[in-house]
Amino acid sequence: MLRAILALPFIAAQTFVIGVLAVTCGILRLSAAGRRLGVAWGRAVLWTVGVGVEVCGAERCPSGPAVYAANHTSALDIPILFGHLPVDFRILHKRSLYLVPVLGLYLYVAGHVGIHRARAFRARKGLERAAARIRGGTSVAAFPEGTRSPEGTIGRFKRGSFLLALEAGVPVVPVSLCGVKRVAPGGLRVRRGRVRVLVHPPVATTGRDTGQAEALAEEVRRIVMAGCEAA
């Protein structure tokens, strides 16, 4: 816990400085520079808390747009994805994050995908707009559990991000974030160590309709879970 407490001021400063630069890039439509800043932020946060990352299966990432679905056990999952998922992506997030200073403005100007969770109609419209963006070439990363699992187990994957993939007609790429609970067991506790980002082969959506979203979600959950268990 002491390590995390001592690291907090550095992480806050990194987030503010890189966030302001990333917002500027977003306003100026410098998407490549904004992406590099996102990578720099993720890696800086992980370096500060002493967490290294190994990426396995990067060659499995499709060349075109896809929905990347990862398990979620810790706040570290976000810098892990930003710093080490080897594709250009936008993250699927709840719209309430737009209210967070600097972070919210960054998410908005950088084109990350905000969804209304509390209102079904707005959530549906948001998914339709996101599907159109994916068809236009934008990959999306999501945590289908919807919230962090404090026990480290992998909960039920909600259907929203899989509906998105089905409507856009793009594959789902399961991503296992392995060993995160060992380095971040909960609260402010963070230990030095290494985690693994395991990218699995894409799961095709061709020939499936939106009525199969639940089945697709469970199929991907089992792949992600098996990857974590084998690590």
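## Close-up views of a predicted model

View 1. Glu218 is partly exposed, with 27% relative accessible area. What you see here comes from a predicted model. The side chain of Glu218 meets that of Arg221 in a salt bridge, with 3.0 Å from N to O. Arg221 has a relative accessibility of 13% and counts as buried, because buried means under 20%.

**View 2. A network of salt bridges.** Which residues are linked in a network of salt bridges? Here you can find Glu218 and Arg221 again, now together with Arg222. As you look, keep in mind that Arg221 is buried, while Glu218 is partly exposed.

**View 3. Arg159 and Glu214, a salt bridge between distant parts of the chain.** The side chains of these two residues meet at 3.7 Å, N to O. Arg159 lies in the loop between strand E5 (139–142) and helix H6 (160–168), whereas Glu214 belongs to helix H8 (residues 213–230), and the two are 55 residues apart. Are these partners buried or exposed, or something in between? Arg159 has a relative accessibility of 35%, so this residue counts as partly exposed. Glu214 is partly exposed too, at 41%.

View 4. The side chains of Asp88 and Arg90 form a salt bridge with an N to O distance of 3.0 Å. Asp88 is partly exposed, and its relative accessible area is 44%. Arg90, by contrast, is buried, at 15% relative accessible area.

View 5. Val20 sits in helix H1, which covers residues 2–27. The relative accessibility of Val20 is 36%, so this residue counts as partly exposed. Patch residues need over 30% relative accessible area, and the 36% of Val20 is therefore enough on that point.

Methods:
Residues are numbered from 1 along each chain as its sequence is written. This is a predicted model: local features need pLDDT of at least 70, side-chain atom pairs count only at pLDDT 80 or more; totals for chains, interfaces and linings use all residues. Side-chain values use heavy atoms; hydrogens and water are left out. Helices (H or I, at least four residues) and strands (E, at least two) are DSSP runs, numbered from the N terminus. Buried means under 20% relative accessible area, exposed over 50%, partly exposed in between (1.4 Å probe, protein chains only). A salt bridge is a side-chain nitrogen of Lys or Arg within 4 Å of a carboxyl oxygen of Asp or Glu.
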